[in-house]
Amino acid sequence: MAERKRKRAAEEWERRKRGRRRRMRRREGEGLGKRQVGWAGDPVEALGEEVMGRVMELLDARSVARCTAVSRAWRGVAADDRLWAPKCAELMAGKAHIPRLTSIRTGSKLSTYSMAIMDGKRSRITKEDLCDHAWEYRFTIAAPEYWRNLDPSWKHTGPPMRRYFHPDGYHSADPHDAVWGGHECAYTVITSFVGDGQIRDHYVRINRWPPLKVSRKDDWSWELSNHLYRYNSIPDADKKGCTGPLFPVW
């Protein structure tokens with residue numbers, strides 16, 4: 001009787017032992033399958049960096065930028081200068097002005113693209129912006145009729161008048177400008193802040209004339225305006241060395 005119990009206990013032990021081995025083999029197989037599926041599911045590993053780079057060429061810039069956050073392998077492909085160089089060229093095509101900070105050669109094309117986007121949205125004008133461009137000058141409908149009659153763009157007898165800002169704070173016009181009159185003219189860029197560095201007020205003032213509100217257009221050109229007249233920066237995307245501040249101004 002005792003011998004039969006011992007034999008039955010030994011068989012039960014062997015049965016449980018075989019069961020544990022089967023469960024362990026099953027778990028190992030499932031783990032291997034997961035690793036295989038994971039490896040096959042990563043396009044960079046499955047297709048290679050070259051093929052993945054060609055795929056990313058078809059994506060828009062925002063999608064490619066998001067790819068840099070997936071993994072280190074994805075960032076190696078998505079941040080490649082060869083991928084971003086044509087996207088930078090596409091971004092700047094047709095723009096009125098090319099930011100000077102994009103000419104920094106030590107930066108990657110991805111950082112160049114990002115800084116160009118941020119600078120294109122900037123509405124805070126600097127002295128470099130004013131001085132680097134020539135400006136078209138026009139009167140508005142609210143200006144006195146006598147002034148408007150002196151503006152060739154109003155009478156369609158010639159191109160708009162031009163104005164120029166100089167680093168020493170002087171403001172000038174072309175020779176023989178009927179409106180200018182040769183009087184002394186100086187400008188000031190006014191920026192006031194509130195808490196947390198937020199801009200409360202920002203404008204350009206010329207002599208004692210009404211302040212000029214600063215605005216930015218989709219082609220990255222500038223406009224300075226009040227109820228009497230407005231200035232528009234003349235496109236100069238082909239200007240050597242680009243334009244604007246060298247360091248970011250937000």
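First, a term I need throughout: helices (H or I, at least four residues) and strands (E, at least two) are DSSP runs, numbered from the N terminus. I'm working with a predicted model, where local features need pLDDT of at least 70, side-chain atom pairs count only at pLDDT 80 or more, and totals for chains, interfaces and linings use all residues. Residues are numbered from 1 along each chain as its sequence is written, and side-chain values use heavy atoms, with hydrogens and water left out.

**Entry: Ile206.** I found Ile206 in strand 5. Is Ile206 buried or exposed? Ile206 is buried, because its relative accessible area is 3% and buried means under 20%, exposed over 50%, partly exposed in between (1.4 Å probe, protein chains only). I also checked Cys185: it sits 21 residues from Ile206 in sequence, and the C-alpha atoms of the two are 6.9 Å apart in space.

**Entry: the sheet.** Two strands count as paired if DSSP finds at least two bridges between them. What is the order of the strands in the open sheet? I read 3-2-1-8-7-6-5-4 for its 8 strands, with antiparallel pairing. Strand 3 (171–173) and strand 4 (187–193) are the edges, each pairing on one side only. I noted that neighbouring strands here are turned by 30° against each other on average, direction ignored; the axes behind that are lines fitted to C-alpha atoms, for helices over the stretch in contact, with angles from 0 to 180 degrees between N-to-C directions. A reminder to myself: strands of a sheet pair through backbone hydrogen bonds, either parallel or antiparallel.

**Entry: strand 7 and its partners.** Strand 6 (residues 212–216) and strand 7 (residues 222–225) run antiparallel and are joined by 4 bridges. Lys213 stands opposite Ser225, and Ser215 has Glu223 as its bridge partner. On the other pairing, 3 bridges join strand 7 to strand 8, again antiparallel, with Glu223 opposite Asn232. The hairpin from strand 7 to strand 8 goes through 3 residues. I then looked at the faces of strand 7 and found both covered: Trp222 and Leu224 on one side, Glu223 and Ser225 on the other, are all buried.

**Entry: two positive phi values.** The hairpin of strand 6 and strand 7 has 5 residues between the strands. Trp220 lies in that loop and has a positive phi of about 70° although it is not a glycine. Trp220 is buried, at 5% relative accessible area. His156 has a positive phi too, about 55°, and is not a glycine either. His156 lies in the loop between helix 10 (152–155) and strand 2, and it is exposed, at 71%.

**Entry: the core.** A nonpolar core is a set of buried Ala, Val, Leu, Ile, Met, Phe, Trp, Tyr and Cys residues joined through side-chain atoms within 4.5 Å. Which residues touch the most other members of the largest one? Out of 21 residues, I listed Ile125, Leu130, Trp135, Phe165, Leu224 and Tyr231. The elements giving two or more residues include strand 1 (134–139), strand 2 (161–165) and strand 8 (229–233). Strand 1 gives the largest share, 3 residues.

**Entry: Leu47.** My last stop was Leu47, in helix 2 (residues 43–47). Leu47 is partly exposed, with a relative accessible area of 46%.
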